[in-house]
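Let's take a look at this structure together. Keep the 3D view open while you read.

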2 protein chains.
Amino acid sequence: MHNVKFMYPVPIQKLIELFTKFPGIGPRQATRFAFFILKEKNSLVEDLRGALSEVREKISICNECFRTTEREERDEERCAFCRDSRRDHRLIAVVEKESDMLNLEKAGAYHGRYHVLGGVISPLDPDSPRRIRLRELHERVRGLVADDASCEVILATNPTTEGDTTALYIERILSPFKDQHPALKISRLGRGLSLGSELEYVDEMTIKNALNNRK
Amino acid sequence: MHNVKFMYPVPIQKLIELFTKFPGIGPRQATRFAFFILKEKNSLVEDLRGALSEVREKISICNECFRTTEREERDEERCAFCRDSRRDHRLIAVVEKESDMLNLEKAGAYHGRYHVLGGVISPLDPDSPRRIRLRELHERVRGLVADDASCEVILATNPTTEGDTTALYIERILSPFKDQHPALKISRLGRGLSLGSELEYVDEMTIKNALNNRK
């Protein structure tokens, strides 16, 4: 009867398509986003465009720990933590991603440096060890053990299959250093009951860990 | 011990803040989005910036039905549907938002025009009737009934409290036309069982509607 098919205008379609690439976003929510932006058109589009340019222009990656840092901060490409001499540079917490640092810092119990892997090793993806910053960690630890003072690498990956695989892999590639330098300690975050969890609903593995780590 | 607080670089914070405004997005997912963009930096930032500019520059709103339309399409600010003479202009489906048109069109059973309200009337928000395009609908219907030929307004709002409130409100403001022009019909989408639903789990109201609308 009618041959004009219903389609969103091309620019909206493009925007929807881009939002569909975002993690956890399907076509339906991407459409909501696009129309939300259209509604807030004047202010939000400018703000978003500005924020995107700034991210492109001002963000660089710290040469040492690989978290993001603002390029303006200083000429050298090291983040505020890596330049902070009060933070113990002989203590490195290895995290999967930058957002994992947030809660470690909030807890206020850690005063060392970090190493952001930028991903995990997936047993299903043989390329994954090459994609994360393992070589860089290896180099850092090599520099650390050179003067034979005590130092520690804390493997703070997530307690998931992939996080555990990654931690095991790192332990393996760092073990030659450990053999030669007894002053190097490699540790992992303690396992046990989370605060507020109920024994009735806790999984077996957590119970086992809680029993093994009892004091 | 250390006074350099953990913070994401300012451009990332800004981006996270903007994403937090998106519908259904909390700070955690906004952070995921920001780091996703950082990871895909080169291509995605440019694509997004481009798409946002295009939306700003090329999208306008159809003067007649208020759906979005591409400004380039033609000089006059009417969408493809409103220019399509094969679509019955004496049949107007009133929808809450543009994305509601998609399924109506997909079903292929509708060959009239539309009216996009751009929202609903919320019983809790006394300003909401002024924010949606009721005056514009009123004007359209006034034009429609002027020549006393048969015409129909289908209230295709959602079967929710707000959608029903909106439909009732519209029925009320259009009723003077109906009294003067018996050729004007005002209808609402039929209620009943959705395809694939199971009686066991269907709510009371739907059962009632299904009984009332039985054939």
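## A helix across the sheet

In this predicted model, helix H8 of chain A (residues 161–180) lies across strands E3, E5 and E6 of that chain. Its direction is about 170 degrees to E6(A). Helices (H or I, at least four residues) and strands (E, at least two) are DSSP runs, numbered from the N terminus. Axes are lines fitted to C-alpha atoms, for helices over the stretch in contact, and angles run from 0 to 180 degrees between N-to-C directions. Contact means that the C-beta atoms of two residues, placed from the backbone, lie within 7 Å.

## The sheet itself

Follow the order E4-E3-E5-E6 in chain A: these four strands form an open sheet with parallel pairing. Strands pair if DSSP finds at least two bridges between them. At the edges are E4 (112–116) and E6 (184–188) of chain A, each pairing on one side only. On average, neighbouring strands are turned by 25 degrees against each other, direction ignored.

E3 (residues 88–95) and E5 (residues 151–155) of chain A pair in the parallel sense over four bridges. Here A:Val94 stands opposite A:Leu155.

## Two chains, one axis

How can chain A be laid on chain B? A turn of 180 degrees with a shift of 0.0 Å along the axis does it, with an RMSD of 0.0 Å. That is the relation of a two-fold axis. The C-alpha of A:Arg49 is the one in chain A nearest the axis, 2.7 Å from it. The superposition is by least squares on the C-alpha atoms of residues with pLDDT of at least 70 in both copies.

The copies meet through the same surface, because 100% of the interface residues of chain A are also interface residues in chain B.

## Reading notes

Residues are numbered from 1 along each chain as its sequence is written, while chains are lettered from A and ligands numbered from 1 in the order in which they are written. For this predicted model, local features need pLDDT of at least 70, side-chain atom pairs count only at pLDDT 80 or more, and totals for chains, interfaces and linings use all residues.
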